[in-house]
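Colleague: I have a model open and want to know what stands behind the labels. Could you take me through them?

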Amino acid sequence: MDAYRRQLATFDPAIYSEIEGEERRQGDGVEMIPSENYTYPEVLAALGSVLTNKYSEGYPGRRYYGGQQHTDAIEQLARERACALFRAEHANVQPLSGSPMNQAVYFACLKPGDTVLAMDLSHGGHLTHGAPVSHMGKVFNFVRYKTETARAGAIDFDQLMTLAKEVRPKIVLAGYSSYPRDYDYASFRKVADEVGALAMADIAHIGGLVAAGVMRNPLDAGFDVVTTTTHKSLRGPRGGMILCKKDLAKVIDSAVFPGLQGGPHMNNVAGTAITLKKAAEPAFRVYAEQVLKNARVLAENLTNAGVTLVTGGTDNHMLVIDTVSSFDLDGRAAEEALDRIGITTNKQVIPDDPRPPLRPSGIRLGTPACTTRGMKEADMAALAGWILRALRNPNDTASTEKTRAEVKTLCRSYPVPGL
């Protein structure tokens, strides 16, 4: 135990105990929520550094407080690395998380009441893409397009073009949080050009896979602005980035600060810079390729067992199971059954779900975190078997205990980075 942890254990044993409990939970179970991952020990070091103490309102060379020589260098490194990795003209690395990064783009590029064409939430979109319960959904006019469930989740771009001509959006938004396919960004760009709209992509989930070059990069298709979180598949600290063309740099930066937030969390910015350096290494591409392999093997094993997957499979790191049709369980019951065996997932709506969000018809699985621990195809086959056993026998206590022990045994072969 290092000195800081000893101090915490002495001063606040209640909090220390819960941190220890979370470490055990992460170590003894398999994290399969697609938006979660294990960050690098080097990032953890930056997050707990003295950078936490520093206010850095503004941007490098244009701060409102003094003493910025080191923070300026750190943020500039993060911006340069982001531009190089994603082939962007400009990068803002200050957003505190995914929701504020998207909000900043809206406020930079739109006026209240302007229209955004975005993916329907139940078909894979995100709350910040105009869900009625979000503030953005009240400020701007979001019109939603859907996928074609009968065609493996394909998007009908002729239909999308017709819709765009009807509603005349200011932004055409390509982005998702539970869509197991890749996007045809060139077709989105064509729709945006036809109606004079900006082309925006939210790649929060797949940012690491895009950075590694194993999934398409919307910037290569001429997109005006791209947002991504820095955790998830990128394995960094919890934060966001906005990548854009130079002609949007000023309005984007102003929308982030002072428009939406104050001083950036410089410990997070440093963690982002470290993450981007890691993502530029050859080993990260190997990791990203394995993430995709693992997702496909997991999908194949479940499909072969008769499980219904939304879109019928996956092109990325995630898959969505229709648990009602596959196991006669709603998503909450399925999530709880898997929790009991040490596999963490999240309940998930499916396209045009008739059920409420807290008791939807599916669950969502992802492979970034388990791949980070070193798991490969054979482990995915084992996980698929345990998932099937748990969801087919959710109330069988003996089976649950046996499976939990098997999951824990697997986990002991793959330590969590940083623990």
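Modeller: Start with T367, which touches V291, N294, A295, L298, H317 and M380, leaving out residues up to four places away in sequence. A contact here means heavy atoms within 4.5 Å. This is a predicted model, where local features need pLDDT of at least 70 and side-chain atom pairs count only at pLDDT 80 or more, while totals for chains, interfaces and linings use all residues. Residues are numbered from 1 along each chain as its sequence is written, and side-chain values use heavy atoms, with hydrogens and water left out.

Colleague: Where does T367 lie? And why does T367 count as buried or exposed?

Modeller: T367 lies in the loop between β14 and α15 (368–372). Buried means under 20% relative accessible area, exposed over 50%, partly exposed in between (1.4 Å probe, protein chains only). T367 has 0% relative accessibility, so T367 counts as buried.

Colleague: What makes a stretch a strand or a helix?

Modeller: Both are DSSP runs, numbered from the N terminus: helices are H or I with at least four residues, strands are E with at least two. The protein has 17 helices and 14 strands.

Colleague: Why is the protein called as compact as a globular protein of its length?

Modeller: Its radius of gyration is 22 Å, close to the 22 Å that the globule rule gives for 419 residues, so the label holds. The radius is taken over C-alpha atoms, and the rule is 2.2 Å times the number of residues to the power 0.38. Of the 419 residues, 56% count as buried.

Colleague: Which strands form the open sheet of three, and in what order?

Modeller: The order is β11-β14-β13, with antiparallel pairing. β11 (318–322) and β13 (346–348) are the edges: each has a single partner strand, so one side of each is left without a neighbour in the sheet. Neighbouring strands are turned by 35 degrees against each other on average, direction ignored.

Colleague: How do you know that β13 and β14 pair?

Modeller: Two strands pair if DSSP finds at least two bridges between them. β13 and β14 (residues 362–366) have three bridges, in the antiparallel sense. Q348 has G362 in β14 as its bridge partner.

Colleague: What lies across β13 and β14?

Modeller: Helix α14 (residues 331–340) does, running at about 45 degrees to β14. Axes are lines fitted to C-alpha atoms, for helices over the stretch in contact, and angles run from 0 to 180 degrees between N-to-C directions.

Colleague: Which residues does S178 touch, and why is S178 called buried?

Modeller: S178 sits in the loop between β7 (171–175) and α8 (185–195). Beyond four places in sequence, S178 touches G124, M318, V320, Q348 and R364. Its relative accessibility is 5%, so S178 counts as buried.

Colleague: What makes S178 and Q348 a polar contact?

Modeller: Their side chains make that contact at 3.1 Å. The definition asks for a pair of N or O atoms within 3.5 Å; within protein, one must be able to donate a hydrogen and the other to accept it, and residues adjacent in sequence count only if both atoms are side-chain atoms.

Colleague: Why is β9 called mostly covered?

Modeller: Five of the five residues of β9 (residues 225–229) are buried. V225, T227 and T229 point one way, V226 and T228 the other way. β8 (residues 198–202) runs parallel to β9, joined by three bridges. β10 (residues 240–244) pairs with β9 in the antiparallel sense over five bridges.
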